[in-house]
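Subject: Structure handover

Hi,

Here is the structure I promised to pass on. Please open it first, then read my notes below.

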Amino acid sequence: MKKTSFIGGIKENFPSGLVVFLVALPLCLGIALASGAPPLSGIIAGIVGGLVVGFISNSNISVSGPAAGLTAIVLTAITDLGAFNIFLCAGIIAGMIQLVLGFIRAGSISNYFPNNVIEGMLAAIGIIIILKQIPHAVGFDKDYEGHESIFDNGLNFGYFTELLEAIHPGAVIVTLFSIAILIAWDKVYVLRRIKMLPGALVAVVAGIILNELFKLSGSSLAIGPKHLVSLPVPKSVDDFKNFVTLPDFSGFMNAKVWITGATIAVVASIETLLCIEASDRLDQQRRITDTNLELKAQGIGNLISSFIGGLPMTSVVVRSSANANAGATSKLSTIIHGILLLLCVLSIPAILNLIPFATLAAVLLLVGYKLAKPATFRHFWHLGKFQFIPFLATVVAVVATDLLKGVGIGLAISVFYILQGNMKRAYYLSREKLNDADGIMIRLSEEVSFLNKAAIKKTLKNIKPNSAVTIDARETSYIATDVLEMIQDFANIRAREEDITVELLGFKTSYRDYERNEDSHIVVTHKRAM
């Protein structure tokens, strides 16, 4: 692999860091609003996620920041606790728990997420991005950023009526113009080669200029302030200090704070591990992230963020996918995005407040399409139903509920098919076929688990009286206790009653001798009379 100098790394990753910054800015603000927290708390979490987590983590693609999946927990907790500064104590507790999880190596749980579920999650996030950005694209911003499902409060058909009635022609023009720029920057070879000038930046600048022209001409197409980014504008250092909320450490005496902290730690850790798996799949070089280090990085990030008035954070799929699609090659990209967030808060919030949500929606619409493109669905369809059904179920469940519930449903369906597949591997012969056999050989494979119990039981049940049966376990290293007891009951009780000759080969003398516990299958063969 070609090594890149530090300066070269900045040159390669500045465009992607800039794109992620443009995507993250409205998300940070929107998630803070959705969480019932001060607007600046979302930006603080984004800055810490970029600078602190980005520096410690060894993920080359993942970007951390305030997460939509935590909004419901944060909003409920702030309401119950009565104050945001008390809630910040829960964020500190969550950070400490995540540090512990990292040190006890809990990150290995991510190795058990199937690829079809991860890909289903990514496709669902893409669909959600598209559905959630359509209102912004047409100038209807009643549904602010931060929600993770379009069914947050049930399917409201009145909402769609409002959407159609509230279409703003100026926003639609800005959106279409921005999408045209983005597609041209992606498809036209000459433009694609200008890496230091990303299409997203050009689209955003063009969106600002177009809207300012609408304003200067007095056109009804002009997009009003409620459809623009809204960032606090400090006039002095004292004003900036007033925007920041510090934790009230008396909150540590509240049991609800500890429960909330533990809940955030668990949910944030799971979401982070899911995102890391997805991010590693988005990495063109297929590098593998140390998930235990990632949990430690998230823990430190949440500690610092909460100490200085920021929201809790996770690794976030939307920003990570935007980072990968923009061509990021190392974690310098996420660090650059953190630096840009910090600089924009300190220096140019007034300029950023000119950005229409419509042009940012255009950026996210293309990100969503790349995640949920039809080719992905066709790919899993061709792999067969055992891959496609869990993939599709994950997509539908994540869109209809939320990320954790959706992934849980996808995992449950994947496990069901795994169990079904393992049970089918242990096949049996019908009574009619067993009647034609003079001698029956049941050869157990290396591992015999509870999954094989039903098939073995049915095979033994179909053995006719006065038969000769050999059960060969010489190649078997493990037999589940209940299967072993069933075979012993067959040999010691039923075989004697029905004059069945049973020969047991290779069975160990004690249950404890079987130490391993994995899946297996049996093979039934026949010894016919010559």
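The protein has 22 helices and 8 strands. Keep in mind that this is a predicted model. Of its 530 residues, 52% are buried. Residues 24 or more positions apart account for 84% of them.

Two helix pairs

Start with helix 5 (residues 115-137) and helix 16 (residues 357-371). Their axes come within 8 Å and cross at roughly 155°. The crossing of helix 5 and helix 16 is left-handed.

Which residues meet there? On the helix 5 side they include Leu122, Ile125, Ile129 and Ile130. Gly126, Gln133 and His136 of helix 5 also take part. On the helix 16 side, look for Phe357, Leu364, Leu365 and Tyr369, among others. By class, this contact of helix 5 with helix 16 has 15 nonpolar residues, 4 polar ones and no charged ones.

Next, find helix 11 (residues 255-282) and helix 12 (residues 291-307). The axes come within 11 Å and cross at roughly 135°. That makes helix 11 oblique to helix 12. The crossing of helix 11 and helix 12 is right-handed. From helix 11, Ser269, Thr272, Leu273 and Ile276 make the contact. They meet Thr291, Glu294, Leu295 and Gln298 of helix 12. The class count for helix 11 with helix 12 is 3 nonpolar, 4 polar and 1 charged.

Aromatic pairs

How many aromatic pairs does the structure hold? There are 8. One of them joins Phe249 and Phe252, and this pair is stacked. The distance is 6.2 Å centre to centre, with 10° between the planes.

Now go to Phe380 and Phe391. Their ring centres are 4.4 Å apart and their planes lie at 10°, so this pair is stacked too. Phe380 sits in helix 17 (residues 374-382), while Phe391 sits in helix 18 (residues 385-400). The pair therefore ties together parts that are 11 residues apart in sequence. Phe380 and Phe391 are both buried. They also belong to a cluster linked by ring pairs. Its members are Phe377, Phe380, Trp381, Phe388 and Phe391.

A covered helix

Last, look at helix 13 (residues 317-325). How many of its residues are buried? The count is 8 of 9, so this helix is mostly covered, because buried means under 20% relative accessible area. The buried residues of helix 13 are Val317, Val318, Arg319, Ser320, Ser321, Ala322, Asn323 and Ala324. Note that Arg319 is on that list. Just after helix 13 comes Gly327, which takes a positive phi of about 95°.

Where to start

Finish at helix 13 and pick out its buried residues.

Best wishes

How values were computed:
Residues are numbered from 1 along each chain as its sequence is written. This is a predicted model: local features need pLDDT of at least 70, side-chain atom pairs count only at pLDDT 80 or more; totals for chains, interfaces and linings use all residues. Side-chain values use heavy atoms; hydrogens and water are left out. Axes are lines fitted to C-alpha atoms, for helices over the stretch in contact, and angles run from 0 to 180 degrees between N-to-C directions. Helices (H or I, at least four residues) and strands (E, at least two) are DSSP runs, numbered from the N terminus. A crossing is left-handed if the near helix is turned anticlockwise from the far one by less than a right angle, and right-handed if clockwise. Contact means heavy atoms within 4.5 Å. Ala, Val, Leu, Ile, Met, Phe, Trp, Tyr, Cys and Pro count as nonpolar, Asp, Glu, Lys and Arg as charged, and the others, Gly among them, as polar. Rings of Phe, Tyr and Trp (its six-membered ring) pair if their centres lie within 6.5 Å; planes under 30 degrees apart count as stacked, over 60 as edge-to-face and the rest as tilted. Buried means under 20% relative accessible area, exposed over 50%, partly exposed in between (1.4 Å probe, protein chains only). Angles under 35 degrees count as roughly parallel, over 145 as roughly antiparallel, 65 to 115 as roughly perpendicular and the rest as oblique.
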